Amino acid sequence: MSEFGDRVRGPLAPSAGAQRPLSVDDVDIEGGPLGRWQRINRDASIPLGLDRMERSGAVPNLRLAAGEGSGSFRGYRFQDSDLYKQLEAVAWEHCRQPGDAYRAFIDESAALLSRAQRPDGYLNSHYQTVKPDKIFAELEYSHEMYCAGHLFQAAVAAARAGCGDALLAVARRFADLLVNRFLTGGDDGIDGHAEVETALVELYRLTQERSYLELARKLVDNRGKGLIADSGMGPLYAQDHLPVREADTAVGHAVRQLYLEAGIVDLYLETGDESLLECSVGRWEDMVATKTSITGGHGSRHDGEAFGERYELPPDRSYNESCAAIASIHWNWRLLLATGQGRYADLIERTLYNAFAASTSADGTRFFYVNPLQRRADLFEDAYLGRRREWFACACCPPNIMRLVSSLGHYVATTDAEGLSVHQYVPGIIRAGGVTLAVETDYPWDGRVRFTVRSAPGTEWTLKLRVPAWSASGELIPNADGYAEIRRAWKPGDTYVLDLDMSPRLTLPHRRIDALRGCAAIERGPLVYCFEQADQDADIEDLALTPGTRLRAVERDLPGIGRTVQIEADAVRLPAAPPHGLPYATAPTDLPAGTPATATAVPYHQWDNRDGGVMRVWIPLA
Ligand SMILES: [Zn+2]
């Protein structure tokens, strides 16, 4: 099928790997949750984001840097990155469905950025207008290269999406400055927030300018050597405690670790340096086994927005930043392309439908920054009582969410020498290497996926379909990578039907996860469920699932949520806890006789669309 080096209109276009990605517009997602997310992203989230670029100061700050505005800098030192992520979202949206307003936003932004950029190529509105004497002098927390990385990714997106090269020209001037200073100029500085590494590799892929790749390599190789000054958060926070080839577990600020991993695998894909893939896969296996929420979320600690210790996975205090879910999907996508292994697509699916999807309200106008697995009744530390908000002072998440949703088509399928691999099941059309494949499905509500070949070359080729780890494979015998292979000389009109087991299932935590001991969660297909107070007859905190509980899937249309499949479970309602005395006793207190009740669960990604009531993913077993 398609060769590497073909032009990919998508976030990632590696020159090698086991699998080759498709363009954002090679896949039309027509319905299902992903189609719905793309629709609300276009109709509600992106318009809201564009409005916020002005109101939050992101665009006015750049006018100040260009010497055109009045007033003073507003927001964080990384405020520019909000605009860059918004630009990337708009570029992929333009690639999917061209729009004059999108093109105008990109052109106007590129012109503004060009005017704001210094003659030497430097561009950061905070440092230019607030701290010009500190440019590149406080990299441990300046986010200057982090912002540059998001600029590079936006510029790559605009160029690949057919939105001209004006943004790319700005990006290259800045990248050239970074090369002159940090690669050939002898400065060993590294940004405290990894991100520029993966972006530099992509800029290299687009431009074939090798110094961008070499700078990415130097930045990755030098992390962990104590070259980053202490930001006050310690070396683990910025993954500067050990060289990447020696670190065996994910630590510190979760988003930084995960973006760093994306850059490491990108470097492997372009250089073939096996030691990079090996260390990254080692940390992936450790992270999956010991530091991953059932939703795919990462970061157990509010303190430092950080990974915790192994098995430190508290449901109520888990941080699970929306950006961490996005960065994890980026990393897993690179590992999937590098190795062809379905376990990475499995984690993408888990993260996409749960930790990531929960970040956005059903109408696309409010967002979570933090995605815990439990909300208590007396939540008091957060002025918003743990509910989604329209925007944030630190707004890293909303535009990041938008850029992933607008590019979702890129993550559905890939090609290799044998044929076409489908990793995520969405209704619509997949076009790849002379093949047009129609996909009909009601996934994830239903497990049946029907593929119909609309056009195909006359030769034999293989359709590879991921068999998720959660699905009993039935008649399908997946290969070692987790894919069922159907090899034929496919003709137009040929069909294949995949049936995945959508029986609801009870999931138990590893015994070492202390915070979850004695609890269970409910899953169905790729969806993790939660219990919201709105669906219960009794106080959630008095409910416990009975041993051997029967789980019943019930299709419903709920106010505020829309279409869903709820799960009803046999439960007991326990007497309310005594109001006085210590909550400890020598005799068991947690197994009093209860009265039969029903506990009703809703998909986690649909929570917080009704009231601000109690929610929990993990519920006690009676
Ligand atoms: Zn974020």
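The questions below take up a helix and then a strand.

This is a predicted model, in which local features need pLDDT of at least 70 and side-chain atom pairs count only at pLDDT 80 or more, while totals for chains, interfaces and linings use all residues. Residues are numbered from 1 along each chain as its sequence is written, and side-chain values use heavy atoms, with hydrogens and water left out.

User: How far apart are the end C-alpha atoms of helix H4?

Analyst: Helices here are DSSP runs of H or I with at least four residues, and strands are E runs of at least two, numbered from the N terminus. The expected span is 1.5 Å times one less than the number of residues. For the 17 residues of H4 (residues 100–116) that gives 24 Å, and this agrees with the end C-alpha distance in the model, 24 Å.

User: Within what arc do the buried residues of H4 fall?

Analyst: Buried means under 20% relative accessible area, exposed over 50% and partly exposed in between (1.4 Å probe, protein chains only). Tyr102, Phe105, Ile106, Ser109, Ala110, Leu112, Leu113 and Ala116 are buried in H4. Taking the directions from the helix axis to the C-beta atoms, these residues line one face of the helix, because they fall within an arc of 165°.

User: Which residue of strand E10 stands opposite leucine 463?

Analyst: Two strands pair if DSSP finds at least two bridges between them. E9 and strand E10 (residues 483–488) pair in the antiparallel sense over six bridges. Across from leucine 463 in this pairing is isoleucine 486.
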